[in-house]
Every structure is written in structure tokens, then in C-alpha cells.
Amino acid sequence: FNESMDTDTITTNVNPSTSCSGTLQLSIASNFSSCLKMRIAPAASNDNKTFTIDPQEPLLPEKRRYYIKVTTGAKDTSGNALNDGSSDNESNFRTAD
């Protein structure tokens, strides 16, 4: 993030299900029909601008594509929603061989 975030609003799915919950979601499905469960809540660093996630299961190798979403529920320390509350941010990455 380019601003310090309210750490109470940066959440992940730590529940037993694979439902997509929380403001920071990781999925192998581009439509986020299911999400990876996280071991613990995201760890903040860099003045609450960087958050590290820890999936319950290791990420799969073999150039697997993963999708990540930050929802408008994520707020900075002034209470401003991501993208002024108008849209989620989505991106993707691929694991190495």
C-alpha cells in the first residue's frame, strides 16, 4: 500500500472453510469462488504499508497462477476505503518451477 493501513481492516480467511472472506483474499480461481485458508492473520510491516500472508498449505510449484484481491473493506489510518470504496483491487502471480 502507498499509505499506512488500519491493521484492523486487513483480514484474511482463517476459518476452516475455503470461502472467500476477509479484505485480503488469495485464490486459484480468477472468480474467487473459493480461497486459500490462512494459518494466521496478516503480519504488518513497513509502517503498516506491507502485509505478509501465510497460507495454511504451501503454494504449489509448477508455474501455478494465484489470484489476489484486496477489497474495499481495507481502509487507511484516516478511515478511507481502498479506491474510495468504488472497486476492489485484483492482481495475480505465478509460482516458479
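Reply: This is a predicted model. One place to begin is Asp 47, which is found in the loop between β2 and β3.

Me: Why is Asp 47 called exposed?

Reply: The relative accessible area of Asp 47 is 56%. Exposed means over 50%, so Asp 47 is exposed.

Me: What is noted about the phi of Asp 47?

Reply: Phi of Asp 47 is near 60 degrees, a positive value in a residue other than glycine. Most residues other than glycine have a negative phi. Asn 46 also has a positive value, with phi near 55 degrees. Asn 46 lies in the loop between β2 and β3, and with a relative accessible area of 52% it is exposed.

Me: How do you know that Cys 20 and Cys 35 are joined by a disulfide?

Reply: The S to S distance between Cys 20 and Cys 35 is 2.0 Å. The cut-off for a disulfide is 2.5 Å, so the pair qualifies. A search of the whole structure finds one disulfide.

Me: What makes the disulfide of Cys 20 and Cys 35 right-handed?

Reply: The torsion about its S-S bond is about 95 degrees, and the disulfide is therefore right-handed. Cys 20 lies in the segment before β1 (24-27), whereas Cys 35 lies in the loop between β1 and β2 (43-45), so the pair ties together parts that are 15 residues apart in sequence.

Me: Are Cys 20 and Cys 35 buried, or partly exposed?

Reply: Buried means under 20% and exposed over 50%, with partly exposed in between. Cys 20, at 26% relative accessibility, therefore counts as partly exposed. Cys 35, at 4%, counts as buried.

Me: Why is the aromatic pair of Phe 1 and Phe 51 called edge-to-face?

Reply: By this rule the count comes to two aromatic pairs. In the pair of Phe 1 and Phe 51, the centres are 5.8 Å apart and the angle between the planes is 80 degrees. Phe 1 lies in the segment before β1 and Phe 51 in strand β3 (residues 50-52), so the pair ties together parts that are 50 residues apart in sequence. Phe 1 counts as partly exposed at 37% relative accessibility, while Phe 51 counts as buried at 15%.

Me: What makes the pair of Tyr 66 and Phe 93 stacked?

Reply: Tyr 66 and Phe 93 are 5.6 Å centre to centre, with 15 degrees between the planes. Planes under 30 degrees apart count as stacked, so this pair is stacked. Tyr 66 lies in strand β4 (residues 65-70) and Phe 93 in strand β5 (residues 89-94), so the pair ties together parts that are 27 residues apart in sequence. Tyr 66 is buried at 2% relative accessibility, whereas Phe 93 is partly exposed at 31%.

Me: How do you know that the charged end of Lys 69 sits over the ring of Phe 32?

Reply: The charged end of Lys 69 is 4.5 Å from the centre of that ring. The distance limit is 6 Å, and the charge must also be within 35 degrees of the ring normal. Lys 69 is listed as sitting over the ring of Phe 32.

Me: Which residues form the largest nonpolar core?

Reply: The largest nonpolar core has seven residues, among them Phe 51, Met 5 and Ile 10.

Notes. Residues are numbered from 1 along each chain as its sequence is written. This is a predicted model: local features need pLDDT of at least 70, side-chain atom pairs count only at pLDDT 80 or more; totals for chains, interfaces and linings use all residues. Side-chain values use heavy atoms; hydrogens and water are left out. Helices (H or I, at least four residues) and strands (E, at least two) are DSSP runs, numbered from the N terminus. Buried means under 20% relative accessible area, exposed over 50%, partly exposed in between (1.4 Å probe, protein chains only). Rings of Phe, Tyr and Trp (its six-membered ring) pair if their centres lie within 6.5 Å; planes under 30 degrees apart count as stacked, over 60 as edge-to-face and the rest as tilted. A nonpolar core is a set of buried Ala, Val, Leu, Ile, Met, Phe, Trp, Tyr and Cys residues joined through side-chain atoms within 4.5 Å.
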